[in-house]
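This report is for a reader who is new to the structure. Please look at the sequence and the model first.

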Amino acid sequence: MARFQPGTREWAMRAFDDWIQQKTETNESSSRIFVLMAQAGIGKTGIVCRLARERSQHILAQHFCRHDDNRKRNPKHMLLSIAYQIACQIPQYRRSLEEVVVTQQLTRANILKDYNIVGIFEEFLQIPLSSIAEPASPEQYRQFVILIDALDECEQSGKNEILLCIQRHFWKLPPWIRIYLTTRPEIPIVDKLKKFSPSFIEPSQQENRDDLAIFFRNLLRRLGGVVEEDTTEAAVEMLIEKTGGLFIYAAHLAKMIASVSSSGKSLTWSQLEAFPTGLEEYYETQLERIIVDDNSYSTEWRIAQLAVVAPEPLHVEVLQAILGSSRKDRISALKTLSAFFAIDENRKVHAYHKSFKDWLTSPEREDSDFYIDTQQVEELFATRCLDILKTNGILRGMDTTSDVPSKPYPDEVAHYALRYVVHHLCACRRHEKARHVILDVGWLMARAQAGDSRGIETDCSLLEHIDPAARLVGRAIGLSMNALRRDPRQLPGQLVGRLLSSTVATEECQNETQMKLSRFIQALKQFDHGFDWWCPVTPTWEQAEQPCIRLLEGHKREVLCLAWSRDGSGRIASGSNDETVRIWHSATGECELVLEGHSGRVNCVAWSSDSTLVISGGNDTHLRVWDSVVGTCELVAGQSDYAVLCLDTGNDSRICFGKGKNISIYNMDTGEIDGALEGHTRTVLSLSRLLDSAKLVSGSEDGAIAVWNVDDMTMMRSFVGHDGAVTSVQWHSAGTVVSAALDRLVRVWDVISPSSSPKQQPTQEYLHCSDDFAYCSRSHVSAFPGSECVALGSRSGKYSTEVVLWNVRSGRVEKKLEKHLGTSNPLALSPGGRVVSGLEDGSIRVIEPTAEDNNLCGMSFLSRYFGCRVWSPDGNTLASGGDNNIIGVWDPTNGDCFCMLAGHLGMQRALEFSSDSKLLASASVDQTVRIWDIEKYQCRFVLAGHTGKVRRLSWSRDDTKLASGSSDRTIRIWCASTGSCLQILSNPLNREIDFISWSRSERIVGGTDGRSTFVWNATNANMEHSLGLDLHRDAITRSLTCSHDGDRIAAGSLIAHVIRIWSIPESSCERVLATRDEEAREMDRWADFEDGSSEDRNTKMEAARNKRVRGLLWSSDDSLLLSMCQEFIAIWDVRSGVCTQTLSSSGGIPPAFSPYEASFLIRDLSEMADPVGIACKDVLVFGDKACALIGYSNTIKFFQLVRRHDGSGRS
């Protein structure tokens, strides 16, 4: 501030005052953002400092960005700094903030770790500020300003995180808060802030010269002027020319002039002429004065080299450690360099101005005495970082080059080396050593536990085209990012699980990369991590060498539509059955925006031509237009009686969307419907607009394809393209259309050549779903103009979904990218050739076609929905049944379906193996039970007699008899050797049987719709006990299991995670198992249900679904009980009622367990302290082999889990 002379920078102060006084009639600023644009060195930071001092009544907070400081470029740090400064000025806001911090016991460190940018902005700025009452009258109204300086210096790798934060979130601040920014003019910032109606000012050359003249004139007058009085104005002009218009150099000149005057002599004209001209000449003169020794040995020069080349400001301890100097030498050298470098409050060394760094490293100055060879300095950094990590025990088994001290380095030093060692090694081209670091388990774990998994992936990308092993590790980290954000301790399990297919070759034929990764996985297993972890031994997750390079997780239900942005930014819009639209960044996998507003499933999304808007349509009959940057809903339109199933946009403001069997054209400029396109006879399912054209193509349920001109609202052409509904159409070029339909065909059409036939012939055709059992609910095709290939989502014969690249010109399949889980498969092809594909579990996969594709060891079930699945007791076989009436029998070690059992006329509802695993019983909605010989792959008996759907099965302990329960309200006992019905057991309440168990004590326990349970003697068919009381107040309890001794029943609640243990002999509830306050919650929810309507009951039941008990299992000795809900698996000590262990889960269908050996795993799990576990949707466990299956609605993935006990590698 002392450098400011009265009368200078008045144009900037006036512009600020004019802007701050602008108000609309509602007291809201017409311009929320002011941008000062000026070239580097003009004095923008000084102007901001002057505003902070002289306009302090308006300034709420200030933030100074720096190109060399990660914290100053980090929006999280900026938001917390702004929140602190506001709290110092507004007591009401401070109280709101303190309440949040104290209540949640938050610290700055855990806020930075646990909160994302959106969470910090909303929790600590938006919500507390929104509670502050606005002024009651215009007279009381006062505008406040947040100052942000040098926004251009936040640009890194083409991305400005702070600019994006302002763009997306600051509009949510109260209208009485405005933003004042400074930036260089060459950075395109104003265009990204259009929503704020920014004002901006760029100082003219004359204004700047006038200020410099005032500055130097006052300076010379104060110091006594020049010897020749009449040369003062000429001296001022000379000094202005020497500065080149830069105030930063004017300040240096002022110091030099003051130095001359302080000697008691008057300033002469010759002295003025001798001053350096321009910054560069000044820098060289000063360095010649400071560095008098040979550059390579000067401590000052070595410090300058390190400070300039470092990727972030160096902590003084880091500087000293890299330099290898004493503390005294370091302090002395930094004092000498104080004209160029400053030490901030965090003891970090900053260059005063970026121009100094640019000058020292400019290639044009390579022959100068003061030129920094960055590669040599990077070599020094790399060597010292390796030594530091070795000394601190982070790198294991790696040779270093210097004699390192035994005393560990301080945390600041170790943290810098940990973060930047690979960066420095790659910068000096020591790629082999960089790979050794990346494959060092100690470095990986330390980096992950420091919360920098994204940094590991970035480091691996530096070797992507040099070292395949490092590239695959980076891929594995990228695929694991969602898990690592939740808990970095999952790193070893994630890496092993995702790299296994890269090491499957035998030891004799392994290539170099496989050998490296094999040794790496072995090192992961042997490393003493300090915690227990699950180790997959079969490659079932998305593998690092497969096409899927990124997993996007966030949607709660199936993904129904996807679209790439058109500006090349790699952003993705997705719509889901969870009624939301999400915007993703494909490079990082992060969800940038969640757009809420639809009241039904979102069927279609599209981007505007400039990618600033996202348009979505759904079952609520509305079109919604969203700002893709800030997430606001700009427009709601298209209300009708029809769900919006499809839409598309061109390069204009018109939105084409399906409206029943017609197509409506909505104009965003006028807010009106321009017209409707009529011609289809059934619902329009797909639309595609040709860019830079008025052409539109549509596909309909009537099997027809139509080409339209949206300018004159006419049909240009229509023809029957398929024998089934056309579910997807896409333009491939100006005259070529690709279509997919339920007839399992993908076809290419020439829509330019004339044709008189309504049944036009395609130019190419591809048949998918060729299997006899194939089911095709919908096919998706995505094309990008100019590409020879289209992406196709098709069904394989076993109902897994394949993503296929199909060459339109040759008609050949270029590549099958990967098989997916689930029945939903929307996809989109990017201009760069990447494919994004959605799944029914709510996840999205980003697929890179150039990657290798090794098939997963996954079991893709024959049906769209599997209603039952069961292990064989020997653990060698898995059986599944579903809605296609086929039973699949699987080898879980390789995922092969080695047998398909056909015969049932309806969906299977239950499967049960005999104890010797040779027989399989199946129950179906066709009212029959079948007994299959697994070894001969044939049906031994068809057991007919039930008059309702057969729901449950249970073998006797000697496998001679089979019990079946049915909706006809009876249980039948069958002879397994003859197929005859031995006995019929009826229940007194005449209710449907939905549970059955044959206990070791020869009791048959049957449950009726979760309300009552009856016990029969299996020998004489006499009823021994009856539990007439409801097992739970919520009436229907689907989770029931009988203890092995037949004396107790465990029943799980539908509205809370509460399990009741009932004594069969006593006909009473003997114990309630509940986590925390779940029992009280169950009672409260039930009271709410009783008071509400049936609709309210359903809504509240849905809200409780995450804690609903979905599966139960007794241990072999009946002492432990395992329960599962969508969020976790709990293990209970039945006698004490204590929950001994909980494991993370992600829910799904009730678990199925081997009834004989599972107790081994339960005891094993109960011993674990704070395990990481592997999140899964549906777990099936076989105990003595510790195997698990991850299941989805039509696919199960298999892997074995090994528990880590210690660092010696024993499992």
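The model is predicted: local features need pLDDT of at least 70, side-chain atom pairs count only at pLDDT 80 or more, and totals for chains, interfaces and linings use all residues. Residues are numbered from 1 along each chain as its sequence is written, and side-chain values use heavy atoms, without hydrogens and water.

Helices (H or I, at least four residues) and strands (E, at least two) are DSSP runs numbered from the N terminus. The table lists two helices and two strands.

| Element | Residues |
|---|---|
| Helix α23 | 468-479 |
| Helix α25 | 491-499 |
| Strand β12 | 548-552 |
| Strand β37 | 827-829 |

Helices α23 and α25 pack at about 120 degrees, with axes 9 Å apart. Axes are lines fitted to C-alpha atoms, for helices over the stretch in contact, and angles run from 0 to 180 degrees between N-to-C directions. In contact (heavy atoms within 4.5 Å) are residues including L472 and V473 of α23 with L495 and L499 of α25.

Leaving aside neighbours within four places in sequence, L499 also has contacts that include L517, F520 and I521.

The sheet is open and has 4 strands in the order β12-β39-β38-β37, with antiparallel pairing. Two strands pair if DSSP finds at least two bridges between them. β12 and β37 are at the edges, each with a single partner strand, so one side of each lacks a neighbour in the sheet. β37 pairs with β38 (residues 835-838) over 3 bridges, and V836 in β38 is the bridge partner of A828.
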